[in-house]
Amino acid sequence: MTADIDQLLIARYNKVLNYTLDSTAFPRSYNPETKQILKRPSKDWTSGFYAGNLWMLSDVTKESRFRESAQKWTAFIEKEKFNDGTHDMGFKVYNSFGLGYNRTGKEHYKDVLISSAQTLASRFNPNVQSIRSWDFNSDQWEFPVIIDNMMNLELLFEATKLSGDSTFHKLAVKHANTTLSNHFRPDDSTVHVVVYDTINGNVKERVTHQGYSNESAWARGQGWAIYGYTMAYRYTKNEDYLKQAQATANFFIKHKNLPADGIPYWDFDAPNIPDEPRDVSAAAIVASALVELYGYTDKQDYINYSRKVLNSLKSEEYILPADLEIPFILQHSSGDWSKRSEMDEPIIYGDYYFLELMLRLQELDQ
């Protein structure tokens, strides 16, 4: 990496740190047209990523000021431990308190993680054998489960390690098994949303919410699947999980519509490729997961993709300008096409998985 890019990244890290402390205004994304930062309360599914970025930046920079800020932002999320209206407990609480606990060993952080896991477990339906994802659209969707929900299982797996209570681990395994049976297509791509019948547990429909169409391969959804099953293998050593993670990873990295720099279009089947927005967040999620997957498989394709993505992202094409006063590092992530919102913008979780990718590759190379 050139000295110029190094300096540019340091400038961006400082912009992340300089964002004003406000318990009601977690930064989520930035709209370059309106010049507005989208700010969300702690109940938003993305709230944990900003605190997580600060925890990871304390590792990247070795500077205590990032850790001090991480602690303040993490504290604002604590009230979410009782919020049972969402499945996104892992994204919110594990990415903040989990990273904090791993770095500080604070007993209080551990207690919050266990409470949050109890809240998440309350959304499990024994007939479906899954954790309910969303409560909205309930007039259309009886019991929706989205592929993203695999990511929230890390909180449950960790809660068993922290508490000794195997209930959390068992629920996570049941959810992962149900998703494995119903979310994947013959080509090993994943559906976004599977809707279940709460009485007999049968699949009622397979649809998309954020992808281009019900049949398309929404890029970030593929990322959640690859990362989710790689992580589930870490805790269970279930070979079926490892097999699925690899199959979906191969679908992703060998796809004919994946650009040469490794940064996918927001959906592999979007109609106007190559004139479609990219999704840096999807690339970073997959690249981070593939560092771990490489560790289990020794498959060179995986680590090559991870390094290619890091190399691509560490460039002026993807890093925001040094003087832009917003708490983000990268541009060109894509959020929710169904609402035509956050398409081709800096988004907080793109930065999160970019930082995780950097740290994972650093550790591998040591």
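Visitor: Which residue in β7 does Val 195 stand opposite?

Guide: This is a predicted model, in which local features need pLDDT of at least 70 and side-chain atom pairs count only at pLDDT 80 or more, while totals for chains, interfaces and linings use all residues. Residues are numbered from 1 along each chain as its sequence is written, and side-chain values use heavy atoms, with hydrogens and water left out. Strands, which are DSSP runs of E with at least two residues, are numbered from the N terminus, and two of them pair if DSSP finds at least two bridges between them. Strand β6 (residues 193–196) runs antiparallel to strand β7 (residues 203–207), with four bridges joining them, and the residue in β7 opposite Val 195 is Glu 205.

Visitor: Which residue in the turn of the hairpin has a positive phi?

Guide: The hairpin is formed by β6 and β7, with six residues between them. The turn residue with a positive phi, of about 75 degrees, is Gly 201.

Visitor: Is His 255 buried or exposed?

Guide: His 255 is found in the loop between α9 (239–253) and α10 (280–297), where helices are DSSP runs of H or I with at least four residues. Buried means under 20% relative accessible area and exposed over 50%, with partly exposed in between, for a 1.4 Å probe and protein chains only. Because its relative accessible area is 14%, His 255 is buried.

Visitor: Which residue's backbone nitrogen does the side chain of His 255 reach?

Guide: The distance from the side chain of His 255 to this backbone nitrogen is 3.0 Å. The backbone nitrogen belongs to Asn 257.

Methods. A polar contact is a pair of N or O atoms within 3.5 Å; within protein, one must be able to donate a hydrogen and the other to accept it, and residues adjacent in sequence count only if both atoms are side-chain atoms.
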